[in-house]
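Please examine the structure shown below before reading the points that follow.

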Amino acid sequence: MERYDKAALNAFPPSEARNESSLASTLRTLLFFTALMIMLPIGLYFSSKTYIFEGIFGMSNRDSYFYAAIVAVVVVHLVLALFVYVAWNEGSRQWREGKQD
């Protein structure tokens with residue numbers, strides 16, 4: 001039976017394994033907010049234009065474009081603010097975990 005040294009058994013030291021998991025977590029968060037940034041403003045633009053501004057309020061086609069664009073811009077800013085909040089908390093959590101080592 002072959003003998004394996006300690007370095008061969010531990011290909012990734014614990015700090016590198018933690019970096020791999022934090023990288024995967026960061027990528028997952030980025031992909032989630034990217035999808036949210038693409039889908040939510042576009043979906044809310046068309047749904048608010050059709051159902052809220054033209055359907056409920058009875059606005060003209062031209063006015064509903066304007067107000068639906070305002071809704072989409074507000075949603076973009078909310079998604080960006082939420083991303084910054086999540087990224088800030090994730091970064092501070094990883095910093096605290098790294099500091100405890």
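Lys49 sits over the face of the Tyr65 ring, 4.4 Å from the ring centre; a charge counts as over a ring if NZ of Lys or CZ of Arg is within 6 Å of the ring centre and within 35 degrees of the ring normal. The model is predicted: local features need pLDDT of at least 70, side-chain atom pairs count only at pLDDT 80 or more, and totals for chains, interfaces and linings use all residues. Residues are numbered from 1 along each chain as its sequence is written, and side-chain values use heavy atoms, with hydrogens and water left out.

**The salt bridge**

- A search of the whole structure finds one salt bridge, defined as a side-chain nitrogen of Lys or Arg within 4 Å of a carboxyl oxygen of Asp or Glu.
- It joins the side chains of Lys49 and Glu54, with an N to O distance of 2.6 Å.
- Lys49 is buried, at 9% relative accessible area, whereas Glu54 is partly exposed, at 28%.
- Buried means under 20% relative accessible area, exposed means over 50%, and partly exposed lies in between (1.4 Å probe, protein chains only).

**Aromatic rings**

- A pair of aromatic rings is described by the distance of the centres and the angle of the planes.
- The structure holds six aromatic pairs; rings of Phe, Tyr and Trp (its six-membered ring) pair if their centres lie within 6.5 Å, and planes under 30 degrees apart count as stacked, over 60 as edge-to-face and the rest as tilted.
- Phe53 and Tyr67 form a tilted pair, because their planes stand at 35 degrees, with the ring centres 5.9 Å apart.
- This pair links distant parts of the chain, with Phe53 in helix α2 and Tyr67 in helix α3 (residues 61–100), 14 residues apart.
- Helices (H or I, at least four residues) and strands (E, at least two) are DSSP runs, numbered from the N terminus.
- Phe53 is buried at 11% relative accessibility, while Tyr67 is partly exposed at 35%.
- Tyr67 also pairs with Phe66: the centres are 5.2 Å apart and the planes at 75 degrees, so this pair is edge-to-face.
- Ring pairs link Phe53, Phe57, Phe66 and Tyr67 into a cluster.

**Phe33 and its contacts**

- Phe33 belongs to helix α2 (residues 14–56) and is buried, with a relative accessible area of 7%.
- Leaving aside residues up to four places away in sequence, Phe33 touches Val79, Leu82, Phe83 and Val86, where contact means heavy atoms within 4.5 Å.
- Phe33 and Leu82 are 49 residues apart in sequence, and their C-alpha atoms are 8.8 Å apart in space.
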